[in-house]
Amino acid sequence: MDDVLIIGGSFAGLTAAMQLGRARRQVTVLDTGHNRNRYAQLAHNIFGHDGTRPSDLLATARQQLANYPTIKLVNGRAETVSGEPDDFAVQTAEGQSFSAKRLILAYGIVDEFPPIPGFAESWGKTVIHCPFCHGYEVAGKPWGLLYSSPMSLHGPVLYSNWTDDITLILDGHEIIEAERHKLEQRNVRILDGKLRSIEQDNGQLRSVTMEDGTQVALAALYAHPQNHPSASLHEQLGLETKATPTGSMIVVGDMQATSKPGIFAAGDVSMPMHSVTFATNSGSLAAMGALQSMMV
């Protein structure tokens, strides 16, 4: 039996594994290899690793973890989970069985791309979700923002740190006149119609075309598609969840503890805002939470 079974081996899961392995706890990490930001060309805002490919970061982390006899990395998808503290059991789709005293759920989320030609091809390159992660490289250029929820209306204020050329694409949604006036006062261009297509070359956005034929040249399009957890284990365990503007998340408290004893969550599945640095921080907290719970 492992001390901790970590389900998900991206930035949050591997951070938790490193911390627990160095505490000489037996840890197994189950991972499918489908990390959410595999679409991104480079990762930014990571101290000491700015501008590094996400795949290279994860490969280096796995190599380092392989030096610890307390850590085992397993390729597999967790299919079912049951149990209670000191006696959790997990079955994988590949037919493997694992048991552990504690669980850390770090399996992330899956983005639901809208059926807009060019969207999926550009995602993580020039169709992006975080200005802190990707804004510097396209600063001073024309940006678009695809409306997804009322939270989108806060975007132009934030984006003004990088550019003063912003187009809000309402994509058929309506906003109240007061909000429209505020945006226009900030010189935000507003397009009311539906977005028909994204013109791009190998993920590098050139322009967007509206249903009425209007075409706007853009260097980047900010979008926040709907998402959902990449597994249903939290549902099997009966964990508390809550809605976010783009999907749902597992509710966590101090040290990333979930609503059930012995179970912790980290990474995108446990927070409304997503970035590599947030994920690694939460993975470290979850590891400490799991460790402390076993010591108590």
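Student: Which residues touch the most other members of the largest nonpolar core?

Tutor: Val4, Ile6, Ala17, Leu20 and Ile104, out of 27 residues in that core. A nonpolar core is a set of buried Ala, Val, Leu, Ile, Met, Phe, Trp, Tyr and Cys residues joined through side-chain atoms within 4.5 Å. Helix α8 (276-295) is among the elements that give two or more residues, and α8 gives the most, with seven. Helices (H or I, at least four residues) and strands (E, at least two) are DSSP runs, numbered from the N terminus.

Tutor: Keep in mind that this is a predicted model: local features need pLDDT of at least 70, side-chain atom pairs count only at pLDDT 80 or more, and totals for chains, interfaces and linings use all residues. Residues are numbered from 1 along each chain as its sequence is written, and side-chain values use heavy atoms, with hydrogens and water left out.

Student: What does Ile6 touch?

Tutor: Beyond residues up to four places away in sequence, its contacts (heavy atoms within 4.5 Å) include Ala17, Leu20, Val29 and Ile104.

Student: Why is Arg180 called buried?

Tutor: Buried means under 20% relative accessible area, exposed over 50%, partly exposed in between (1.4 Å probe, protein chains only). Arg180 has 16%, so the label buried applies. Arg180 sits in helix α6 (residues 177-185), and its contacts more than four places away in sequence are Leu170, Ile175, Ile190 and Asp192.

Student: And what makes Cys133 buried?

Tutor: Its relative accessible area is 12%, so Cys133 counts as buried. Cys130, at 10%, is buried too.
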